[in-house]
Amino acid sequence: MAESESGADKSEEPTGKRLEEARKKGQIARSRELNTVAITLTGAFALLMYGGEMGDALLSIMRNSFSLPREVLMDDGSMAQYLMAAGKAAVQLMQPFIIILLIASILGPISLGGWLFSMEALAPKFSRMDPLAGLKRMFSFKALAELLKALAKFVVILMVALAVLSSDTDDILAMANEPIEQAIMHSLQIVGWSALWLASGLILIAGVDVPFQLWDSKQKLKMTKQEVRDEYKDSEGKPEVKGKIRQLQREMAERRMMQSVPQADVVITNPTHFAVALKYDPASGNAPVLLAKGGDFLALKIREIAKEHKVTMLESPALARAVFYSTEVEAEIPAGLYLAVAQVLAYVYQLRQFRAGKAKRPGPLPDLPIPPDLRRDN
């Protein structure tokens with residue numbers, strides 16, 4: 001099991017955030033052996049596919065370069081022109097082969113881990129200049145694995161090379177008796193097949209190295225339980241900070257709510273434990289809206305503000321509790337309370353008429369019809 005620098009066991013799988021940060025830093029699984037196999041295999045196939053054309057082009061360059069008229073040999077300027085022409089032909093000859101190898105060198109690395117460009121990975125790391133850290137890396141498990149891979153590659157390539165040389169000995173010796181044109185074509189064919197067999201031998205090394213690199217990358221990214229907890233705190237917010245934010249949000253909501261109390265048509269109280277402030281706009285045609293509600297100290301503040309702004313206050317414990325528990329601030333009351341609130345608003349209207357000297361004083365507030373599913377006894 002991997003250990004962190006503090007010695008704690010890295011027993012937890014990496015989180016999505018950890019994987020994303022590692023990718024930004026360029027810390028993803030890569031296999032040099034896979035890249036080598038991709039380039040050598042592609043080069044061998046390209047040599048076998050275009051070897052004939054390359055051989056013909058090489059012969060043409062040799063004929064043009066070694067069969068020169070006498071006047072050309074005596075003219076320095078003409079020799080330079082022939083040299084430039086031969087160089088241009090050689091570049092054109094190698095261009096398809098080089099392009100194929102370039103594509104293989106790009107596709108090989110991204111086949112494991114995908115495409116990635118990280119500026120952080122390009123930045124210099126002065127910690128790698130520490131001699132002690134360098135010695136630690138030299139005697140690490142990864143260094144041992146790299147040494148074993150190098151030995152395995154040497155042994156595999158040596159065995160494949162000996163087998164290829166053994167099987168092609170007769171063909172190689174026979175080239176000495178072949179015409180130059182045929183010998184060139186024959187040599188290109190032998191080189192192409194030899195490279196293909198050598199690259200095929202490296203497939204065994206890559207088949208072991210790729211799973212190892214994936215495992216090693218995963219082990220490096222594993223996290224301790226404390227790291228997981230710290231990341232959760234950082235992403236979700238520390239509890240004390242979140243608590244402070246919630247407190248500020250509640251205070252802001254309470255201030256907005258208290259500012260709405262003077263606009264209420266009526267404040268219904270418990271009379272001491274609960275207080276709800278309702279407003280009804282006949283022009284809108286909607287149900288009455290709860291502007292503010294509170295219990296205990298908040299209920300006291302609502303009553304004080306209502307008294308200060310001469311908002312009508314009525315005592316109806318059952319209705320106050322029903323509205324308090326069933327309705328959110330700035331929301332309409334539920335349909336089950338329409339009749340009870342309508343009677344309250346009608347009573348408030350009669351009180352206003354009485355205070356304006358336009359009607360007699362209304363009697364006590366009647367019993368209000370509250371559905372059993374909305375009634376709260378405490």
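Predicted model: local features only at pLDDT ≥ 70, side-chain atom pairs only at ≥ 80, totals over all residues.

Visitor: OK, and what does Lys-301 form a salt bridge with?

Guide: Glu-304 is the partner of Lys-301, with the closest N and O atoms 4.0 Å apart. To count as a salt bridge, a side-chain nitrogen of Lys or Arg must be within 4 Å of a carboxyl oxygen of Asp or Glu. Both residues sit in helix H11 (residues 297-308), three residues apart, about one turn of the helix. Glu-304 is partly exposed too, at 41%. Helix and strand labels are DSSP runs numbered from the N terminus: H or I with at least four residues for helices, E with at least two for strands.

Visitor: How many salt bridges does the structure hold?

Guide: Two. Besides the one in H11, there is a bridge between Arg-352 and Asp-265, whose closest N and O atoms are 3.7 Å apart. Arg-352 lies in helix H13 and Asp-265 in the loop between helix H10 (239-260) and S1, so this pair ties together parts that are 87 residues apart in sequence.

Visitor: Nice. Is Asp-265 buried or exposed?

Guide: Asp-265 counts as buried, at 15% relative accessibility, whereas Arg-352 is partly exposed at 40%.

Visitor: What else touches Asp-265? I'm thinking of Lys-279.

Guide: Good pick! Lys-279 touches Asp-265, along with Gln-263, Ala-264, Pro-288, Val-289 and Leu-291, not counting residues up to four places away in sequence. A contact here is heavy atoms within 4.5 Å. Lys-279 belongs to strand S2 and is partly exposed, with 32% relative accessibility. Its C-alpha atom is separated by 6.8 Å from that of Leu-291, twelve residues apart along the chain.

Visitor: Changing topic: which part packs against strand S2?

Guide: That would be helix H12, whose buried residues pack against strands S1 (266-269), S2 (274-279) and S3 (289-295), and against helix H13 (338-355). H12 spans residues 317-326, and seven of its ten residues are buried, so the helix is largely enclosed by the rest of the structure.

Visitor: Which residues of H12 are buried?

Guide: Ala-318, Leu-319, Ala-320, Arg-321, Ala-322, Val-323 and Phe-324.

Visitor: And how many aromatic pairs are there?

Guide: The count comes to four. One of them is Phe-212 with Trp-215: the ring centres are 6.1 Å apart and the planes at 35 degrees, so the pair is tilted. The rule takes rings of Phe, Tyr and Trp (its six-membered ring) with centres within 6.5 Å; planes under 30 degrees apart are stacked, over 60 edge-to-face and the rest tilted.

Visitor: Where do Phe-212 and Trp-215 lie?

Guide: In helix H8 (residues 180-221), three residues apart, about one turn of the helix. Phe-212 is buried, at 18%, while Trp-215 is partly exposed, at 44%. For an edge-to-face pair, look at Phe-324 and Tyr-325, with 5.2 Å centre to centre and 85 degrees between the planes. Phe-324 is buried at 17%, but Tyr-325 is partly exposed at 37%.

Visitor: Which aromatic cluster is Tyr-325 part of?

Guide: Tyr-325 forms one aromatic cluster with Phe-274 and Phe-324.

Visitor: Before I go, what does the secondary structure of the whole protein come to?

Guide: There are 13 helices and four strands. Of the 378 residues, 31% are buried. Among contacts with a separation of 6 or more, 74% are between residues 24 or more positions apart.

How values were computed: Residues numbered from 1 in each chain as written. Heavy atoms only, no water. Buried < 20%, exposed > 50% of the residue type's maximum accessible area, 1.4 Å probe, protein only.
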